[in-house]
Amino acid sequence: MISHRDNNTQRIAALDERAEALRLKRGMGIADARAMHPSIDVVEADPEADRRLLEGLADWCDRYTPLVAIDGEDGLFLDVTGCTHLFGGERAMQDEILARFFQQGFDVRAGLASTPGAAWAAARFHGDRIVAGGEEEALLSPLPLSALRIAPETRASLESVGLRTAGAVMAAPRAPLARRFGATLLLRLDQALGRLDEAVSPRLPVAPLSVERHLAEPVVLTDDIERLVSRLAIALKTDLERRGEGARTLALLLFRVDGAVNRIAVGTSRPMREPRLIQRLFHERLTALEQSIDAGFGFDLVRLSVLSVAAFDLAQGDLTGETDDDDADIALFADRVRARLGEAAVLKPVVVESHLPERAVKTVPFAEAPQGRAPAAGRTPPPRTAPPMTVYPPERPVRLFRSPEPIEVPATEIPEGPPMNFRWRRALYRVARAEGPERIAAEWWRQLPGEKEAPTRDYYRIEDSEGRRYWLYRQGLYSSAPQAAPPRWFMHGVFA
């Protein structure tokens with residue numbers, strides 16, 4: 001018996017057949033139950049564990065339909081429209097579901113009807129019934145008001161006026177019912193009878209394309225799973241070619257014999273439909289997850305789904321069949337590394353519209369980065385009608401520090417000139433050559449109202465006496481005002 005706390009009182013939340021035989025009921029106080037039967041065994045409810053279990057069962061039910069929704073704390077809705085013929089019909093499908101749940105140790109009740117409300121009532125008040133279309137009213141008429149899925153307060157109000165069954169509510173005038181008990185009562189009634197549509201919202205998005213293989217003998221080895229992935233990818237390629245699309249996100253679902261489900265997803269930086277490449281990505285992912293995937297008694301159903309797609313652009317090949325695409329190998333390499341080590345393993349710098357060096361580039365996951373080469377920061381390519389010209393952007397260091405590091409500059413030739421020497425990380429460097437300054441002002445349009453304007457920077461390319469090259473800048477300008485703070489110097493990067 002399982003208990004839960006309700007208004008500072010421990011009450012019975014669920015009980016098994018032996019407890020029911022002792023004439024105990026749900027909602028009864030634990031103190032009253034122990035007074036009647038002192039030897040009963042009571043376990044505290046764990047809602048979070050129950051939720052995880054229900055979600056696991058919902059994952060397992062994906063083998064019958066992708067439209068699986070969670071109903072409250074102890075139920076599932078399966079929209080099996082168009083799926084029953086794959087399992088030999090409605091009765092054969094329902095019997096298989098009940099048998100498999102029984103083998104896993106669950107006491108399950110099921111109902112099948114043309115409306116979710118009628119199926120809910122058939123499952124909870126009959127246990128194993130298939131309601132044909134048009135028989136919803138005959139099913140609901142003798143059932144109590146709880147079969148209509150209405151609030152307890154509404155149910156108590158209906159019983160207080162003598163309406164104790166769903167049939168009594170259906171026979172009563174609709175207008176007085178709506179005025180006294182609200183529109184939700186009639187909404188639930190019309191949904192159960194099929195007068196109004198009721199959608200079942202699946203807990204997971206439905207894949208636009210899926211292929212699967214039912215196995216007579218469960219597989220356990222990773223090599224067998226990879227071979228199945230290759231075969232499923234070949235079948236998937238035909239559908240992708242017909243749609244003119246390529247896969248961007250794929251998911252491999254492994255249904256275990258005992259009901260557990262493993263979901264393995266991989267992403268691609270480019271649309272993909274070549275089976276050999278898809279098999280490579282899942283090889284990397286399966287290798288990374290080899291220690292965490294528990295095959296148990298084996299997988300008897302393997303499904304490969306395409307979760308997201310994109311238009312597939314065909315490239316013109318030469319006489320040897322090869323295409324001139326230098327970035328394809330890099331994209332495949334990045335995809336394989338990401339499949340093995342995770343999305344954050346490969347990052348790509350992306351140009352940002354900013355002339356401040358630390359803001360001009362940001363790193364994003366490789367799959368989210370735009371394809372092709374972007375123009376340099378702050379540089380807009382001239383229109384095609386403009387005369388040809390050569391633009392030499394300012395030289396930038398190979399290594400740019402994440403945060404500029406302060407340095408000490410004891411002297412300069414002139415106030416606005418480069419330093420003669422500087423001290424950085426406790427070492428003194430003597431300047432042999434200098435070039436600059438390159439003045440970069442603050443981005444005034446990004447400042448918030450009332451925020452102090454950032455100082456101007458003057459950048460210098462410096463070479464010390466040993467040939468090492470640095471990128472320094474002076475923050476702020478010299479001022480003759482007596483209270484003005486002197487400029488500060490920073491090291492922002494180093495050249496090769």
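**Reading the model**

Modeller: Start with Met-420, which is placed in strand β15. Helices (H or I, at least four residues) and strands (E, at least two) are DSSP runs, numbered from the N terminus. This is a predicted model, where local features need pLDDT of at least 70, side-chain atom pairs count only at pLDDT 80 or more, and totals for chains, interfaces and linings use all residues. Residues are numbered from 1 along each chain as its sequence is written, and side-chain values use heavy atoms, with hydrogens and water left out.

Biologist: Is Met-420 buried, exposed or partly exposed?

Modeller: Read the relative accessible area: buried is under 20%, exposed is over 50%, and partly exposed is in between (1.4 Å probe, protein chains only). The areas come from the Shrake-Rupley method, and only the protein chains shown count as cover for residues. Met-420 has 42%, so it is partly exposed. Met-420 and Ala-432 are 12 residues apart in sequence, with 8.0 Å from C-alpha to C-alpha.

Biologist: Which residues of α5 are buried?

Modeller: The list is Pro-116, Gly-117, Ala-118, Ala-119, Trp-120, Ala-121, Ala-122 and Ala-123. That is 8 of the 10 residues of helix α5 (residues 116-125), so the rest of the structure largely encloses this helix.

Biologist: What do the buried residues of α5 pack against?

Modeller: Look for contacts, meaning heavy atoms within 4.5 Å. The partners are strands β4 (68-71), β5 (75-78), β6 (110-112) and β7 (128-130), plus helices α6 (136-140) and α10 (183-193). After α5 comes Gly-127, with a positive phi near 95°.

Biologist: Now salt bridges. How many are there?

Modeller: General idea: side chains of opposite charge can pair when their charged atoms come close. The rule asks for a side-chain nitrogen of Lys or Arg within 4 Å of a carboxyl oxygen of Asp or Glu. The count here is 40 salt bridges.

Biologist: How far apart are the closest N and O atoms of Asp-300 and Arg-63?

Modeller: They are 3.0 Å apart, and the two residues form a salt bridge. Asp-300 belongs to strand β11 (residues 299-311) and Arg-63 to the loop between α3 (47-60) and β4, so the pair ties together parts 237 residues apart in sequence. Asp-300 is buried at 11% relative accessibility. Arg-63 is buried too, at 4%.

Biologist: Show me other pairs.

Modeller: Arg-188 and Glu-198 meet in a salt bridge at 3.6 Å, N to O. This pair links distant parts of the chain, 10 residues apart: Arg-188 is in helix α10, and Glu-198 is in the loop between α10 and β8 (209-219). Arg-188 is partly exposed at 25%. Arg-11 pairs with Asp-6, the closest N and O atoms being 3.8 Å apart. Arg-11 is partly exposed at 28%, and Asp-6 is partly exposed at 32%.

Biologist: Which residues are linked in a network of salt bridges?

Modeller: Asp-59, Asp-62, Arg-203 and Arg-263 are linked in one.

Biologist: Which residues gather in a patch of negative charge?

Modeller: Lys and Arg count as positive, Asp and Glu as negative; His and the chain ends are not counted. The charge is placed at NZ of Lys, CZ of Arg, CG of Asp or CD of Glu. Patch residues have over 30% relative accessible area and no salt bridge; like charges are joined within 9 Å, nonpolar side chains (Val, Leu, Ile, Met, Phe, Trp, Tyr) within 5 Å. Here Asp-16, Glu-17, Glu-20 and Asp-107 form a negative patch on the surface. Glu-17 lies in helix α1 (residues 17-21) and is exposed at 62%.

Biologist: What about backbone angles?

Modeller: Look for positive phi in residues other than glycine. Asn-8 sits in the loop between β1 (2-5) and β2 (10-14), exposed at 70%. Arg-426 has positive phi near 70°. Its loop joins β15 (419-424) and β16, and Arg-426 is exposed at 81%.

Biologist: Where is there a cis peptide bond?

Modeller: Between Gly-436 and Pro-437, with omega about 5°. Pro-437 is in strand β16 (residues 427-440).

Notes. Accessible areas come from the Shrake-Rupley method with a 1.4 Å probe; for residues, only the protein chains shown count as cover.
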